[in-house]
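Hi,

Here is the structure I said I would pass on. Have a look at it first, then read my notes below.

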There are 2 protein chains.
Amino acid sequence: MARVIGIDPGLQHTGWAVIDSQGSSIKFLGAGVIHTLPGNSLPSRLLQIHNELAKVIVQYCPNDAAIEDTYINKNYASSLKLGHARAASILTLCINGLIPAEYPAKVIKRAIVGSGKADKTQVAYMLKFLVPLAGELASDASDALAVAICHSNYTSADQNRIAS
Amino acid sequence: MARVIGIDPGLQHTGWAVIDSQGSSIKFLGAGVIHTLPGNSLPSRLLQIHNELAKVIVQYCPNDAAIEDTYINKNYASSLKLGHARAASILTLCINGLIPAEYPAKVIKRAIVGSGKADKTQVAYMLKFLVPLAGELASDASDALAVAICHSNYTSADQNRIAS
């Protein structure tokens, strides 16, 4: 069994979700969003992401991790901000012994809905079907749950290939 | 007296330099460059920056820190990489109790040479004059030394204003 933490990174909103997965079986454990204030300094916002994510790791003790890969944003300033936020999450995971796998948004959508072109509503609808116990989640937490499930699907498929 | 660590961030090369400063007096303590391999994964490169920078902090015990502010790069992918590297350094400083001040390249050049439009050769020439004991430094370590001296100048000026 793997306990996977999924991360949807962002400087203002970082979504996280934790699941237990065994083969195709998924159990929802928790999800949430770390919010930082745009008025605060960049260092204090990165430290806040680190501190709150570290608390989640201590609380749920995941043994595997995944994070959404960054698409190349057409706004330079947004790319920079996202780069900072992603690194804060990645480094916090690494410091806690979790080297995250990275998945592009298209791969995550394909893992949940079956199409890399699915929109957010379709992904949210399928997540409710796959993990009804998660209930109503904030958008960023829902995206993080999709990341965790995507990773769980890929690692299960790998294990099946190794076993066969 | 302040012991300042200056950082010139980059995913492939992160320069660092440590000085003691008291008023206009500067004492060079050490400098170097953290190199990461482009072939390694992003998480492992960020963790390497974190681990090596943390060792420098333990070795020199700085009580103040500064980092070069990011200019908006016209290449999205480069902006993203720089964002990741900067965040790894900033977060490592913060975790170690050092909230770094941020200075744009123009401000750093003006602090060293007197002009924000100075080129790298002019900055390196003035650094040799200001801190002869630093000797020949690698380009990224030299840039980090400029960041540390810039911060030292600004904080000394602030202290003089408070004192007067």
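**What I found**

A hairpin joins β1(A) to β2(A) through four residues. Before going on, some ground rules: this is a predicted model, where local features need pLDDT of at least 70 and side-chain atom pairs count only at pLDDT 80 or more, while totals for chains, interfaces and linings use all residues. Residues are numbered from 1 along each chain as its sequence is written, chains are lettered from A and ligands numbered from 1 in the order in which they are written, and side-chain values use heavy atoms, with hydrogens and water left out. Helices (H or I, at least four residues) and strands (E, at least two) are DSSP runs, numbered from the N terminus.

Back to the strands. β1(A) covers residues 2–8, and six of its seven residues are buried, so the strand is largely enclosed by the rest of the structure. (Buried means under 20% relative accessible area, exposed over 50%, partly exposed in between, with a 1.4 Å probe and protein chains only.) β1(A) pairs with β2(A), residues 13–22, in the antiparallel sense over seven bridges; two strands pair if DSSP finds at least two bridges between them. With β4(A), residues 64–68, β1(A) runs parallel, joined by four bridges. Gly6(A) shows up in both: Ala17(A) stands opposite in β2(A), and Ala66(A) is the bridge partner in β4(A).

Now for the two chains. The same surface serves both copies, as 100% of the contact residues of chain B recur in chain A; contact means heavy atoms within 4.5 Å.

Where do the axes of α1 of chain A and α2 of chain B come within 9 Å, and at what angle do they cross? Helix α1(A) is residues 42–60, helix α2(B) is residues 76–95, and the crossing is at roughly 80 degrees. Residues making this contact include Leu42(A) and His50(A) from α1(A), and Arg86(B) and Ile95(B) from α2(B).

Leaving aside neighbours within four places in sequence, Cys94(B) is in contact with Pro43(A), Leu47(A), Ile99(B) and Pro100(B).

Cheers

Technical notes:
Axes are lines fitted to C-alpha atoms, for helices over the stretch in contact, and angles run from 0 to 180 degrees between N-to-C directions.
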